[in-house]
Amino acid sequence: MSFIHYSSREINCKIVYYGPGLCGKTTNIRYIYNNTNPESKGKLVSIATETEHTLFFDFLPIFLGTLNGFKLKFHLYTVPGQIFYEASRKLILKGVDGIVFVADSQVERMDANMESMDNLRRNLTDQDIDINYTPLALQYNKRDLPNIMPIPEMNGLLNTREVSQYESIASKGEGVFETLKDVTRQVISELKKAVQLG
Amino acid sequence: MSSEKSKILESAQQFTIRGQINKAIEEWKKLLTDTPNDANILNTIGDLSLKSQSPGNGSRDAISYYIKAADIFVSSGFALKAIAVYKKILKVEPSRKDIYVRLGDLNCDRGLIGNAREDYLTAAKLYSQDGRIKEALEVYRKIADLDPSNLNVRIKIAEIFFKEGLKEDAIEEYNKVALAYLKEAKRDEAENLYRLILKFEPNNLNAIVKIGRLRLDDGYVDEAIGYGKMAFDLSKESPDALSLLVDSYIKSKMYDDAETLLTKLIELHPDQLSHRDTLATILVAKGNNEGAANVYLVIGTEYFNHNDLDKSLIYAEKAKEISPDLLPAHELLFEVYSNRGNKDDILGKGLYLAKYFYDTGEKEKAKGYYLKILEEDPFNVEAKEGLEKVSGEETKYKEEIVKEEGVIDVSGQIASAEVYIKYGLLEKAILELQDIVKRSEPDNIEAHVKLKNLYKNTGEQDKAFEECLKLIRIYEPLDEPDKIELLIREAIEVSPYDSRIKEYKERLIKRSQVDFNELLEEARFYEQQGMIEEAISVYNRILSIDSVNEEAIREIAKLKRLKSVDTIPEVELVKPEESPVSFFDLGEALKEEVKEKPVYEPAPMEISAVKSFEEIFQEFNKGIQAQLSPEDYETHYDLGIAYKEMGLFQEAVEEFKISIQGTPRYMDASYMIALCYKELGEYHEAVKALEGAISSQQYSDQRHLVVKYELGSLFELAGKKEDALHVFTEVHDTDETYRDVSERVLNLQKGI
């Protein structure tokens, strides 16, 4: 849930990029970092392992202006996708406001996508969060690669809630900001509903 | 309406006007081709048929159409229309009994009982006149069902049954009527009917018993006994016959005979508590109060077991009344009071029983009642004193027994401890258990386990740890490795840095090694069978126990490589410093770096994959330290927020402490530190942090309400009520509507 800091008049919202290992979560965050006005972003914290996997989490604060006199700050996180980082993922999901699920479009990664989606659902349930009522956007990444699964099939496997889904090539930035905008819009809408500001 | 139908209708009307009825009927019949169930058309055809020139056939046809129309009206829910049509039929043919019955049914359905009775009576009379008795009886039954109190009809029905030779049916009907008479207190009429029954069937048991009852009620006891004996001779196990005789004997004070028969009756029908009640009455009459009280007690207990507390209470009181010293009656009363929640009665009766048992030396029972009283009223002084007295004497007694016989059964003490625990008297439970292990059985496992858990509950970790060690020592010669392992883990959890556990810890690891070997064999088996997922799963289980198990790490890496199909390195290591160029240029510059690489490029399995969370975090922190300078206050502040949201409060405090150095965030970071300490339950540290915030130059009027309010809350949590009141009063003086400050001030003022 969004953290409202009355003393500093800031609202911190938490967006988590979720998905299987090497699906492109960090690529998303890096693209956002690289293409955001320096005045509107904090520093990107990202520690990778020797094999290019995210260690613990990536973290990028971005500012989206003000809402009713409060500075609106979005903290973007990625989770480590590998299955054995379960504890880290659970921690990072704490207090989540919105989720971008990044799926790898390659046919051979569908099992991993589904496993990750199931893992997300379970971890949210552990926190008494219903995935069906949480701001969520799906991003089908790596659409430029051969042997990708058609969108309707991917929707059938992953998008049971029928939320907005975006085709992306995160390395080129295609679909990256569209996905972020979508989930941000949902979070702000929820925020307005939930909190009477001012 | 179609033009074709209009034409037919017009034509039919023309024929009717011209008096050509049959032609008109033919036209109407054409309309039935399409709508054969149109009741209105059928009705019209019926009307026209009556007007037709051949009266005989016309009436028959008319009735046929009317009946069809009425039936359709009934099934369509148009009862009134149906009744009207039936009445038309009766005008044409008044002797149609079936139509009267249909009318009666319709009126009955509409609740017009009077009309229905009239219709049925007409039908019944007509059937009787025609000699169709069976049908007449069916109709009479309908009348009787309409108004069960109309006994004349019922008698008539019974008479008809007799006439028809249906004796059993007739007797059944007479019985029904006689019962109805009895309900109306028309005793003579009822008796006459029973006598009538006996005329037709001299051995009718029910009639004999009923007449006997009537005689008995009228005071003719001898006659009643005669009828009773007659009935008893016919059926020696008939409860009605036995009851009649018993009641008759009681009335004539022949108590022994009554008791004998009643005992038989109770044997035959043990669930009939009324018989036991009568038995108690007889016993009282015979002066056997104790016997009667016991019977009342049985009845009371039965009602209690069936949860009929009101009746149970009545009989328990009856028992107590005639036998005031009957203890079970008092016990039953206590149970009834407890179940009904009558507090005063529970306390009164409970103390009575506790004292009674104490005086008679039954200490355990006395103790039980004292505890039950305390459950109802935890502050009951009398019960507390009584309990202490009983417990003290018990200990003394046990000491004597130990001294004399050198052995004692501690199950009673264990049970007492359990009772104490149940009622939250933990200190007493501890004393009881300590007594067992000190005086009776130093190695009593149950006592030690309970003590361990109690110490944990009461926050006495050192003692809990000691109990763990004692239990380990007790289990060692018993060859209970699983229990020992659990206890070692528990001891580590209770007191992780105690050196005494080291030896056990090492043994645990050795033991785990045995398990690892089994698991490793299992994993190898899966691997040999090509069941890679299963093998990885088992290796992961091994790593969950021993995160540095080399074989598991190595094998997982190997298996993952075999299985891996996606190994694209995604990003390069992020440089610790930001690029000085503008963001668009930077994006351009990094374009190549973020380019995706081809699929299927094998990636080595990383060792970090199997590291524990603590190790990962340590590594992550090192990376952060390498990437961020301490002067990067804002990023440290953001990281602090991130950790705080993850519930890593201590780590968050560290980050905020770094960011506090930077003046822009001094105030915010202090505030966040306070919130983290608050989450950690370290209220004094939290207060310190907030006081730091207040003393900062960034502290402004705009922010001070938020900070002061939080400070007040922290003082309250830290138990410093006066400080809290002082701070809340300041907030209140500035803005009395701020959050719930007015309420807090009021509550604190009251409290202080």
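The model is predicted, so local features need pLDDT of at least 70 and side-chain atom pairs count only at pLDDT 80 or more, whereas totals for chains, interfaces and linings use all residues. Residues are numbered from 1 along each chain as its sequence is written, chains are lettered from A in the order in which they are written, and side-chain values use heavy atoms, with hydrogens and water left out.

**Aromatic pairs**

- Over all chains, a search of the whole structure finds 19 aromatic pairs, where rings of Phe, Tyr and Trp (its six-membered ring) pair if their centres lie within 6.5 Å, and planes under 30 degrees apart count as stacked, over 60 as edge-to-face and the rest as tilted.
- The ring centres of A:Phe57 and B:Tyr643 are 6.4 Å apart and their planes stand at 85°, so this pair is edge-to-face.
- This pair crosses between chains, with A:Phe57 in strand E4 (residues 54–67) of chain A and B:Tyr643 in helix H33 (residues 633–646) of chain B; helices (H or I, at least four residues) and strands (E, at least two) are DSSP runs, numbered from the N terminus.
- Both A:Phe57 and B:Tyr643 are buried, a term for under 20% relative accessible area, with exposed over 50% and partly exposed in between (1.4 Å probe, protein chains only).
- B:Phe334 and B:Tyr369 also form an edge-to-face pair, because their ring centres are 5.0 Å apart and their planes are at 80°.
- This second pair links distant parts of the chain, as B:Phe334 in helix H19 (residues 327–340) and B:Tyr369 in helix H21 (residues 363–376) of chain B are 35 residues apart.
- B:Phe334 is buried at a relative accessible area of 2%, and B:Tyr369 is buried at 7%.
- One aromatic cluster is formed by A:Phe56, A:Phe57, A:Phe59, A:Tyr77, B:Phe617, B:Phe620 and B:Tyr643.

**Charges over rings**

- B:Lys236 lies over the face of B:Phe232, at 5.4 Å from the ring centre, the criterion being NZ of Lys or CZ of Arg within 6 Å of the ring centre and within 35 degrees of the ring normal.
- B:Lys349 lies over the face of B:Tyr352, at 5.1 Å from the ring centre.

**Selected buried residues of chain B**

- B:Ser713, in helix H37 (residues 701–717), is buried with a relative accessible area of 8%; leaving aside residues up to four places away in sequence, B:Ser713 touches B:Phe728 and B:Arg744, contact meaning heavy atoms within 4.5 Å.
- B:Cys676 has its place in helix H35 (residues 666–680) and counts as buried at 0% relative accessibility.
- Not counting residues up to four places away in sequence, B:Cys676 touches B:Lys644, B:Phe649, B:Ala652, B:Val653 and B:Phe656, while B:Cys676 and B:Gly647, 29 residues apart in sequence, are 9.0 Å apart from C-alpha to C-alpha.

**Chain A as a whole**

- Chain A has 5 helices and 8 strands, which follow the pattern β-β-α-β-β-β-α-β-α-β-α-β-α along the sequence.
- Of the 198 residues in chain A, 66% are buried.
- Among contacts in chain A between residues at least 6 apart in sequence, 69% join residues at least 24 apart.
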